[in-house]
Amino acid sequence: MNKKIVIIGAGISGLATAYILSGSNKYDITVLAKEFSPNITSNRAAAFWYPYQIRFDKRGIAWSKKSYDFFKELANDASSGISMKHLLKVIRKDVVEEAPVWLEFIPEGVCTIVPENQLAPDVQKAYDVLVPLVETQIFLPYLQNIFSTRNVVFKQQEVKSFDELSSFDIIINCTGLGARSLCHDDAIIPIRGQIVLLETDTSMPIYMDNETPLYIVPRKDAMIVGGTYERGVYDAVTEPETLERILSNAYNVFPQLKNHKILGNWAGLRPYRPQVRVEREPDTNIIHNYGHGGSGFTLSFGCASDVANLVEQMN
Ligand SMILES: Cc1cc2nc3c(=O)[nH]c(=O)nc-3n(C[C@H](O)[C@H](O)[C@H](O)COP(=O)(O)OP(=O)(O)OC[C@H]3O[C@@H](n4cnc5c(N)ncnc54)[C@H](O)[C@@H]3O)c2cc1C
């Protein structure tokens, strides 16, 4: 008989895990979630591939590279919502560049340094990196469609305690910020991000200046302009003065954006934990996969592969 696996959470961490595990016919998989796309953090992401807030955790190197390869492959299927885009990561002249350890996370041959004579006057250095852009509004339903052919069962349910799930052989916890109460884990906190949506121009590269901070992500439906990193803020709401500041930062660098209609805004809570938790809880049938902060998409399929290995070891 197939092992019965329950995955709690239907964000990118839960869906990537379900995707990898359902690839073999070895398991009966149920996904339980309090909320589904589009009402979850994973729909609030920008969501381009970049190892953010994971640079000092060497496990992130394999996770990021594995996810990169996975998304790159999927970019061949236009209906997946994944495309390969140029990311311009700039370091302004008034900041000191931290050691670029993130370079270890990127696959070989996808990054070049922009020649000095092509830099804006206030920029000391810029990297041009070819990265996957995940259009969440297309990709999450795309994954959902695949599951309908793989017999994965989805149920809306809030899990208050792991004890409720005693009928399953293996429990996989992908609850993001929900792990704070489910696992009584105070290490996980929200980092709020606010963004503005502008009329898009898909000919532009993704632009990122982590110090301002400013990032611009030209998706097909809208251009995401962010953002903020507000630690410990639990309200997923935007503030008019912050949105104005985000826009003014963007207009400073790209004055032409003033002609782009404002389409909306949103806020999301990144599930940040100093150490992403991917491990089996000793002496239990529970595997955790949460706390990916601002890199949930970047780490998703890599972490999911590690979870699949842990599941294998329990067989
Ligand atoms: C503004 C912004 C920009 C971002 N940009 C990027 C980016 O460019 N690149 C990138 O890689 N990442 C980015 N991120 C981060 C990324 O969005 C997150 O890391 C990722 O979405 C986390 O996914 P998750 O599946 O772990 O959590 P979530 O998407 O929050 O999903 C958690 C799931 O668990 C369910 N759940 C929680 N508690 C319970 C419970 N008790 N019972 C049942 N179900 C429960 C929820 O309902 C939900 O289905 C960004 C985030 C924000 C906010």
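User: What classes of residue make up the shell around the ligand?

Analyst: The shell has 18 nonpolar, 19 polar and five charged residues. Here Ala, Val, Leu, Ile, Met, Phe, Trp, Tyr, Cys and Pro count as nonpolar, Asp, Glu, Lys and Arg as charged, and the others, Gly among them, as polar. This is a predicted model, where local features need pLDDT of at least 70, side-chain atom pairs count only at pLDDT 80 or more, and totals for chains, interfaces and linings use all residues. Residues are numbered from 1 along each chain as its sequence is written.

User: How many residues surround the ligand, and which are the closest?

Analyst: The ligand is surrounded by 42 residues, and the closest are Gly11, Gly176, Gly178, Gly193 and Gly296. A residue is near a molecule if its C-beta atom, placed from the backbone, lies within 6 Å of it.

User: Which helices and strands supply at least two residues of that shell?

Analyst: They are helices H1 (12-22) and H6 (296-313), plus strands S2 (27-33), S8 (189-198), S13 (262-280) and S14 (286-292). Helices (H or I, at least four residues) and strands (E, at least two) are DSSP runs, numbered from the N terminus.

User: New topic. Where does UniProt place the feature "binding site"?

Analyst: The unreviewed UniProt entry places it at Tyr215, Arg270 and Gly294. UniProt positions are given in the numbering used here, feature names are shortened, and annotations may be inferred rather than shown by experiment.

User: Is tyrosine 215 buried or exposed?

Analyst: Tyrosine 215 is buried, because 25 other C-beta atoms lie within 10 Å. The cut-offs are 20 or more other C-beta atoms within 10 Å of its own for buried, 12 or fewer for exposed, and in between for partly exposed, with C-beta atoms placed from the backbone. Tyrosine 215 sits in strand S10 (residues 214-218).

User: And glycine 294, what does it touch?

Analyst: Leaving out residues up to four places away in sequence, glycine 294 touches Tyr52, Gln53, Ile191 and Arg270. Contact means that the C-beta atoms of two residues, placed from the backbone, lie within 7 Å. Glycine 294 is in the loop between S14 and H6, and it is buried, with 21 other C-beta atoms within 10 Å.

User: Gln53 turned up there. What is its phi?

Analyst: Phi of glutamine 53 is near 60°, a positive value in a residue other than glycine. Glutamine 53 lies in the loop between S2 and helix H2 (59-74). With 19 C-beta neighbours inside 10 Å, it counts as partly exposed.

User: Which residues are joined by a cis peptide bond?

Analyst: Threonine 212 and proline 213 are joined by one, with omega about -15°. The bond from glycine 226 to glycine 227 is also cis, with omega near 0°.

User: On to H3. Which of its residues are buried?

Analyst: Thr136, Phe139 and Leu140 are buried in H3. They cover an arc of only 95° around the axis, so they are on the same side of H3. The arc is that of the directions from the helix axis to the C-beta atoms.

User: What do they pack against?

Analyst: The buried residues of H3 pack against H1, strand S3 (82-92) and strand S5 (123-134). The face turned away from the buried side carries the exposed residues Pro141, Asn145 and Ser148.

User: What span should H3 have?

Analyst: At 1.5 Å a residue, its 13 residues (136-148) should span 18 Å, and the end C-alpha atoms are 18 Å apart, which agrees. The expected span is 1.5 Å times one less than the number of residues.
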